[in-house]
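Subject: Structure handover

Dear colleague,

I am passing on the structure below, and after it I set out what was found. Please have it open while you read.

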Amino acid sequence: MELQKYISVVIIVVGIIGATLYSSEGRRRPHQILLDTDVDTDDFFALLYLLKLNRSEFDLQAVTINTNAWTDAGHAVNQVYDILYMMGRDDIAVGVGGEGGILEDSTIQPNVGGYLPIIEQGIGTAGYCRYRQAIPVGSGGRLDIDTNYGFRKSFLPTGSRRYSPLEQPTAQKVMIDKISASPISVFIIGGHTNFALFLMNNPHLKKNVEHIYIMGGSVRAPTGCCLKKDGSSCQPQHCGDHGNLFTDYASNPYAEFNFFADPFAAYQVIHSGIPVTLVPLDATDTIPTDEIFFETFEQNQHTYEAHYCFKSLKMTRDTWVNDHFYTGYFMWDSFTSGVATSIMRNLHKGNGENEFAEMEHMNITVVTSNEPYGISDGSNPLFDGLKTPKFNLKEGGVHSGHVQTGLQDPFCFVHNGKGRCKDGYTAEETGADAVSVLVATRAKPNCDSSSSLRKAFFKHFLDVLNDPQQTGKFNFTTQFPYYKEVFHKPDFRGKTLGKNVVFDMDMSVGDFLALFYLLKVPVEVITIKAILVTPTGWANAATIDILYDLLHMMGRDDIPVGLGDVFAIDQSYSIYSSVGDCKYSKAIPQGSGGFLDSDTLYGFARDLPRSPRRYTAENSVKFGAPRDTDHPGLRQPLALEIWDSVVKSLVPGSKITILTNGPLTTLAKIILSDKNTSAIIQNVFIVGGHINYDNTTEKGNVINVLSNEYAEFNVFLDPLAAKTVFQSDLPITLIPLAVQRKDTFLGEILGAVVLASDDSILNLTFQLKPIKVSATGVESEDGQITIDNNQGKPVQILEDLDDIAYYDIFAVQLGNEKQSAVLGSFDEQRRIWSMPPNRTGKALVMGNIFFNFGN
């Protein structure tokens with residue numbers, strides 16, 4: 001009887017396993033995949049590759065976005081939505097961000113957004129860029145990746161899904177939903193923050209994770225350039241280095257970007273007990289995008305997805321900083337996806353058998369801190385100043401040493417030697433901390449004699465991308481049968497134009513409302529000569545595309561737009577100027593209410609009509625680029641270039657009024673670049689600053705820097721720039737935080753209304769006071785404004801106004817039908833492009849359309 005019960009149990013168990021592996025028709029269930037990505041260029045190569053595979057074999061269930069690496073959350077999530085729409089896969093869940101935090105007692109709240117590495121994560125989404133500062137911010141970095149070099153919005157079609165506050169699923173929710181539903185494999189091709197947080201908070205769901213496939217790390221191999229026999233592409237100071245932190249070799253030559261993004265998180269993933277396959281630089285350095293592959297790819301673009309990938313690859317090559325692209329750019333994430341899916345396809349063979357890479361088991365760990373262990377030097381938030389280490393970590397253990405604080409960490413530098421920090425290094429280990437991991441060591445050669453491609457994966461990748469099955473439906477232009485690119489420009493003939501205004505904005509939501517107002521003010525009162533974008537404030541540089549769309553909607557494609565520096569003064573590093581510190585910008589939340597909402601205009605940016613103008617990485621040798629791209633004339637102008645152009649266009653004797661609504665970085669650069677600014681600038685209106693009279697007045701608004709009670713954001717975000725501006729000879733009108741709080745619902749709009757209105761109508765009250773800006777480098781003092789009769793510069797300060805009159809003026813101007821939008825929304829644009837011109841009532845032709853705003 002007992003034997004019968006045992007046999008029955010065995011039959012039931014076998015039946016359950018069979019039901020898990022096979023469908024009701026007897027076919028094996030497809031492998032379920034969750035992809036965690038930072039949406040870098042090579043990441044969406046991997047995404048598109050996975051989307052092209054046969055769904056009966058591999059079913060991509062979800063995409064979660066790593067938000068502390070190469071892209072910014074708002075731009076990344078919308079690019080993923082657009083790629084999925086193009087590929088007809090709106091069924092795939094997408095998760096990003098979250099507002100949860102980690103409490104002092106190590107409690108991990110639900111929906112932690114992953115905006116910060118675990119070691120820096122507190123109760124919000126604002127925090128320091130300890131590791132992320134290794135990633136370039138402007139061109140060649142996050143700006144180019146956020147926009148995909150400027151052609152993301154011109155190529156990818158726009159569907160119905162988008163980021164929307166309160167509705168966007170978080171990364172943690174998507175992970176919990178998908179992993180709890182059924183067994184699944186996880187692909188990590190960015191930082192490890194999201195998945196580590198999931199594992200730490202949901203240990204009961206580990207059993208549902210079949211395998212983890214990771215691109216990242218570097219175990220044995222030196223950097224790829226040193227593998228080339230003739231050494232022509234080698235940078236001698238980096239030969240033999242394990243890592244690829246090209247901005248950080250001097251302090252950390254061991255780490256690879258994905259592991260360096262959050263070493264502690266990577267440690268948690270590797271040590272999770274779940275089977276891991278690693279595709280490190282050891283393998284990816286053996287599959288560079290050589291010239292033969294590039295030329296073959298160029299001749300094989302038979303699908304929209306292949307075309308999008310090649311355009312991206314070509315622009316990457318054309319903007320590469322040196323002549324070593326073909327030996328310095330690798331198939332990191334797509335190769336990893338190919339190796340992973342090939343292993344999954346050949347599970348019955350065991351030992352990681354696959355078509356594309358040689359494999360070997362290695363015992364490794366992830367270095368999270370530097371020896372000696374057990375020290376307390378202020379670098380390690382997991383231990384320093386705590387009675388009990390966070391997460392019950394072991395005193396004196398591998399996590400208790402010095403943690404690299406940034407690229408300029410003095411601990412990491414060795415005089416006339418290699419950097420000593422190893423944070424993020426995937427080191428071979430023989431001790432108790434070792435974990436057995438299946439590691440790819442080398443890309444397999446292409447054995448197809450009919451193909452000139454050198455690697456097996458190269459041929460497979462191009463075959464998959466160009467497969468007519470499961471291909472993209474259309475791109476942005478082909479989805480509309482009557483798409484035409486049109487520039488809308490006003491006709492000012494017969495009008496006497498008002499005072500010249502240059503608007504300097506950081507692209508916060510309030511700035512866009514202020515711009516709406518300025519565009520509605522009659523041109524006989526003010527003429528907007530240019531807009532200067534200062535991306536050191538509440539939005540990332542790529543958000544400039546929203547500005548172009550808004551101007552297009554309002555029929556003002558004639559207004560030039562210049563892009564300012566991405567770093568506050570003295571915050572970029574001299575050795576590698578495209579990276580720098582975030583000493584001040586760390587105060588801005590990365591998630592809701594911060595960059596995420598500004599970069600998407602709270603989700604409403606997708607409703608704006610699409611402008612033919614947009615940021616582009618196109619460039620020219622004339623402007624310092626290493627080479628001309630295909631269309632150098634489309635290059636994004638810089639703020640100082642636009643300023644110089646405006647000055648040269650002035651009628652003799654005329655001047656410019658500047659309204660600045662963000663940090664004063666760009667205005668300071670103008671002052672420093674031109675000693676004659678006082679002869680050109682009539683007045684400067686500055687919205688921002690908080691005057692601290694006696695340390696007992698109302699506090700400032702830099703709420704995420706607790707030590708600094710009296711600063712205001714616009715001044716705090718670049719105190720040296722503010723000091724430069726307020727010490728200049730320019731006539732300045734300051735609209736400080738106190739009057740913004742007193743009388744208006746949104747301070748940024750107040751500056752626009754004051755600039756363009758009659759003082760007597762608003763009943764404005766000013767006081768002339770000598771003010772001084774603190775810019776000493778002391779965090780608790782920087783950005784504070786005090787009255788100083790000895791060293792202060794006299795500034796006109798707005799202290800009061802008639803708030804009822806203010807509201808009336810603002811409402812009446814916006815309601816005025818003159819100078820209104822020429823396109824109401826993207827939906828209207830979509831309708832125009834979907835019907836013949838005689839059906840829409842608008843004859844759209846390539847070129848310019850001029851509007852007479854006086855009618």
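Predicted model: local features only at pLDDT ≥ 70, side-chain atom pairs only at ≥ 80, totals over all residues.

Residues are numbered from 1 along each chain as its sequence is written, and side-chain values use heavy atoms, with hydrogens and water left out.

The protein has 29 helices and 20 strands (DSSP runs, H or I of at least four residues and E of at least two, numbered from the N terminus). Its radius of gyration, taken over C-alpha atoms, is 28 Å, close to the 29 Å that the globule rule (2.2 Å times the number of residues to the power 0.38) gives for 855 residues, so the protein is as compact as a globular protein of that length. Of these 855 residues, 59% count as buried, meaning under 20% relative accessible area with a 1.4 Å probe and protein chains only.

As for the helix pair, the axes of helix 11 (residues 291-298) and helix 15 (residues 456-465), which are lines fitted to C-alpha atoms over the stretch in contact, come within 11 Å and cross at roughly 15°. That makes helix 11 roughly parallel to helix 15 (an angle under 35 degrees, between N-to-C directions on a scale from 0 to 180). The contact (heavy atoms within 4.5 Å) is made by F293, T296 and F297 of helix 11 and by F458, F461, L462 and L465 of helix 15.

Best regards

Methods:
Parallel < 35°, antiparallel > 145°, perpendicular 65-115°, else oblique. Buried < 20%, exposed > 50% of the residue type's maximum accessible area, 1.4 Å probe, protein only.
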